[in-house]
Amino acid sequence: MTQTSYGLLKGKKGIIFGPLNEQSLGWKIALACHREGAKLAISNIATALKMGNTAELARICGQAPLLVADATSDDELKALFAELKTSLGEIDFIVHSVGMSANIRKKIPYESTNYIFYNKGLEISAISLHKIIRYALEAGVLKDNGSIVALSYIGAQRVFSQYNDMNDAKALLEAIARNFGSRLADRGIRVNTVSQSPTRTSAGSGISNFDAMYEYANLLAPLGNASGEECADYVVTLLSDLSRKVTMQNLYHDGGFSSAGISEKLLGLLERSQPEAGV
Ligand SMILES: NC(=O)c1ccc[n+]([C@@H]2O[C@H](COP(=O)([O-])OP(=O)(O)OC[C@H]3O[C@@H](n4cnc5c(N)ncnc54)[C@H](O)[C@@H]3O)[C@@H](O)[C@H]2O)c1
């Protein structure tokens, strides 16, 4: 369904970290923010800007400035926010749609984790949120009453075996969001995480058995999995003034998956697969 614009972000400016290609959640969020009237800047690491088609996204989003930064690098983030101040001016929102686990990519089991990869994964997927907020504040680029949203997954609360060390990274990401939320509340700035359903993106498809995880969630969630476009629409509401008293929350955007125990669809599948067990 193509969403019509409600003008929810009219007059607002923001930066989105992490669009890579048309499947990326960050990409869909950028399109939805543009549709709702925001002026945008877009950021990713240099290799991603070369590999992906982010330049095309920037064009579609009204010639949005494309700012290169490794979100784990203090120096690159400091330079990014200095550049952002010149190219876009002060901003109302930040979206963190960044994540990577080399342990997952290389299919290294949790028990025998490679600690260099583990630390790198935490740096990219969680501590980068801390750095982004910190250097935005130090640059004085974030306006009062703004909003910061990062993308999370229910692995932060429950163990999803194939999600490996990203379970840990998401728990840290959500904790950082809460901590900054409490510290920025006196300026009216909210910080939240959105815990999204499994979604077919390049990060998602790196997970072993992703299709099975996707189908399981889809069968359990009463509303079915939330799509990337639906995620983007939800994020827009959190960036808008309509959610100005929502902060320090991890908000599930998962079709009800997080509150569901079992579903008739899953029970039916079990019955058919194990009739002899009398399930
Ligand atoms: N796809 C899913 O099923 C799903 C579900 C819930 C949450 N999420 C989260 O959504 C966010 C976006 O992921 P996606 O699924 O759209 O995949 P994606 O691969 O399209 O996006 C991940 C982005 O992180 C960027 N990135 C990696 N290392 C970086 C670094 N050092 N500095 C800056 N950027 C870096 C990549 O270049 C890429 O653009 C991630 O936080 C992911 O964990 C994804």
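View 1. Val235 touches Ile29, Val95, Val149 and Val194, leaving aside residues up to four places away in sequence; a contact here means C-beta atoms, placed from the backbone, within 7 Å. The model is predicted, with local features needing pLDDT of at least 70 and side-chain atom pairs counting only at pLDDT 80 or more, while totals for chains, interfaces and linings use all residues. Residues are numbered from 1 along each chain as its sequence is written. The largest nonpolar core has 68 residues, and Val235 is among those that touch the most other members, together with Ile29, Ala30, Cys33, Leu40 and Ile132. A nonpolar core is a set of buried Ala, Val, Leu, Ile, Met, Phe, Trp, Tyr and Cys residues joined through C-beta atoms within 7 Å. Buried means 20 or more other C-beta atoms within 10 Å of a residue's own, exposed 12 or fewer, and partly exposed in between, with C-beta atoms placed from the backbone.

**View 2. Helix H1 and the residue Gly37.** In H1, 10 of the 11 residues are buried. Among them are Trp27, Lys28, Ile29, Cys33 and Arg35. Just after H1, Gly37 has a positive phi of about 100°. Helices (H or I, at least four residues) and strands (E, at least two) are DSSP runs, numbered from the N terminus.

**View 3. The shell around the ligand.** The ligand is surrounded by 26 residues, of which Ser24, Gly99, Thr201, Ala203 and Gly204 are the closest. H8 supplies the largest share, 3 residues. By class, the shell has 12 nonpolar, 13 polar and 1 charged residues. Ala, Val, Leu, Ile, Met, Phe, Trp, Tyr, Cys and Pro count as nonpolar, Asp, Glu, Lys and Arg as charged, and the others, Gly among them, as polar.

**View 4. Leu77 in helix H4.** Leu77 lies in H4 (residues 74-87). Leu77 counts as buried because it has 24 C-beta neighbours inside 10 Å. Not counting residues up to four places away in sequence, Leu77 touches Ala69, Ala71, Lys131, Ile132 and Tyr135. Leu77 and Ser128 are 51 residues apart in sequence, with C-alpha atoms 9.5 Å apart in space.

Conventions
Contact = placed C-beta atoms within 7 Å. Near = placed C-beta within 6 Å.
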